[in-house]
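Here is a friendly walk through a two-chain model, written for someone who likes to know the cut-offs. Please have a look at the structure first, and then read on.

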Amino acid sequence: MSTLIDREAVQEMVKRGAQLVEVLPAKEYEEDHLPGAVSHPLRQLDQEADQLDRNRPVIVYCWDSA
Amino acid sequence: MAPRAAARLESLGFDGIFEYKAGKLDWLAAGLPTEGENSKCPRAGEASRKDAAVCGLKDRLGDARDRAKRSGLEVAVVVDAEQVVLGLLRSKELEMDPNLAVEQAMRPGPSTFRPYVSMKEMADYMVEHSLESVPITTSDGKLAGVLLKSDATRMAADAAACTRKLIITADPAADA
């Protein structure tokens with residue numbers, strides 16, 4: 001079960017090396033994304049998951065909780 | 001979308017999956033920097049006046065008017081102790097009986113706008129709806145500043161619009 005975190009925790013975890021992953025479509029990532037985030041759209045996640053480091057925490061986000 | 005992504009990554013064997021539940025909208029609403037095409041376009045938060053007059057519900061209207069005059073803006077924002085926006089006093093309300101309590105004169109529940117909306121979109125909206133000033137708030141309703149139409153139109157004149165329109169409001173007519 002994933003852990004829900006807020007904005008302050010995101011900032012702190014990223015400082016400590018967590019991976020930030022935007023799962024929205026690539027076009028929405030190109031328009032605006034959080035600093036340092038990488039794009040792995042939900043529909044491509046199965047193919048792209050291996051690009052993530054399994055030894056570091058992964059933070060996923062989209063527009064909001066929807 | 002993020003919950004499904006988190007669930008899928010866990011099913012693929014990842015440990016340590018976290019979900020930023022409030023997401024990109026929350027980040028943008030806090031006025032934090034972003035990267036990408038839109039990061040170059042000016043946004044509402046950049047031009048909002050941080051020195052706008054604020055007052056409480058029980059304050060005397062005359063005192064709110066004095067604060068508004070000192071700020072040089074014809075507006076005062078009514079906030080609670082946490083800076084959550086409760087109402088707005090524009091020129092018309094500020095000129096009412098100075099002995100009224102602010103809550104008796106204010107426009108309750110004004111539309112508020114987020115700092116991340118592009119200046120061009122804000123300027124177009126304010127002109128279309130004849131809004132001289134609007135409160136800019138964070139996603140939890142706290143006042144971040146007041147955007148003047150004059151500032152928005154001036155800054156928008158040479159600015160590109162962000163790719164995505166982000167104004168969401170229920171009843172613009174109620175604010176005019």
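## A buried histidine in a loop

His33(A) counts as buried because it has 23 C-beta neighbours inside 10 Å. Here a residue is buried if 20 or more other C-beta atoms lie within 10 Å of its own, exposed if 12 or fewer, and partly exposed in between, with C-beta atoms placed from the backbone. The model is predicted, so local features need pLDDT of at least 70 and side-chain atom pairs count only at pLDDT 80 or more, while totals for chains, interfaces and linings use all residues. Residues are numbered from 1 along each chain as its sequence is written, and chains are lettered from A and ligands numbered from 1 in the order in which they are written.

The loop that holds His33(A) lies between helix H2 (26–31) and strand S3 (38–39) of chain A; helices (H or I, at least four residues) and strands (E, at least two) are DSSP runs, numbered from the N terminus. Which residues does His33(A) contact, leaving aside its neighbours within four places in sequence? They are Glu22(A), Thr34(B), Glu35(B) and Gly36(B), where a contact puts the two C-beta atoms, placed from the backbone, within 7 Å. From His33(A) to Leu45(A) there are 12 residues in sequence and 17 Å in space, C-alpha to C-alpha.

## Chain B in outline

Chain B has 8 helices and 7 strands. Its C-alpha trace spans about 65 × 35 × 25 Å along the principal axes. Of the 176 residues in chain B, 43% are buried. Among the contacts in chain B with a separation of 6 or more, 63% are between residues 24 or more positions apart.

## Where the chains touch

The contact between the chains takes 33 residues from chain B and 31 residues from chain A. On the chain B side, helix H1 (2–11), strand S1 (17–20) and helix H2 (23–29) each supply at least two residues. The largest share of that side, 7 residues, comes from H1(B). By type, the chain B side divides into 16 nonpolar, 7 polar and 10 charged residues; Ala, Val, Leu, Ile, Met, Phe, Trp, Tyr, Cys and Pro count as nonpolar, Asp, Glu, Lys and Arg as charged, and the others, Gly among them, as polar.

## A strand between two partners

S1(B) pairs with strands of chain A, and pairing here asks for at least two bridges found by DSSP. Strand S1 (residues 3–5) of chain A and S1(B) run parallel over 3 bridges, with Ile5(A) opposite Tyr20(B). Strand S4 (residues 58–61) of chain A is also joined to S1(B) by 3 bridges, in the parallel sense, and Ile59(A) has Phe18(B) as its bridge partner. Both faces of S1(B) are covered: Ile17(B) and Glu19(B) on one side, and Phe18(B) and Tyr20(B) on the other, are all buried.

Why does Tyr20(B) count as buried? It does so because 27 C-beta neighbours lie inside 10 Å of Tyr20(B). Beyond four places in sequence, Tyr20(B) contacts Ile5(A), Val10(A), Ile59(A) and Tyr61(A). Ile59(A) in turn touches residues of both chains, including Leu20(A), Val21(A), Phe18(B) and Tyr20(B). Ile59(A) is also among the residues with the most contacts inside the largest nonpolar core, which has 65 residues; such a core is a set of buried Ala, Val, Leu, Ile, Met, Phe, Trp, Tyr and Cys residues joined through C-beta atoms within 7 Å.

## A sheet and its helix

Chain B has an open sheet of 4 strands in the order S2-S3-S4-S5, with mixed pairing. Strand S2 (53–55) and strand S5 (107–108) are its edges, each pairing on one side only. Strand S4 (residues 85–90) of chain B runs antiparallel to S5(B), with 2 bridges, and Leu88(B) stands opposite Arg107(B).

The buried residues of H4(B) are Leu61(B), Ala64(B), Arg65(B) and Ala68(B). They fall within an arc of 100° seen down the axis of H4(B), so they line one face of the helix; the arc is that of the directions from the helix axis to the C-beta atoms. These buried residues pack against S2, S3, S4, helix H5 (91–94) and helix H6 (102–105) of chain B. Just after H4(B), Gly72(B) has a positive phi of about 80°.
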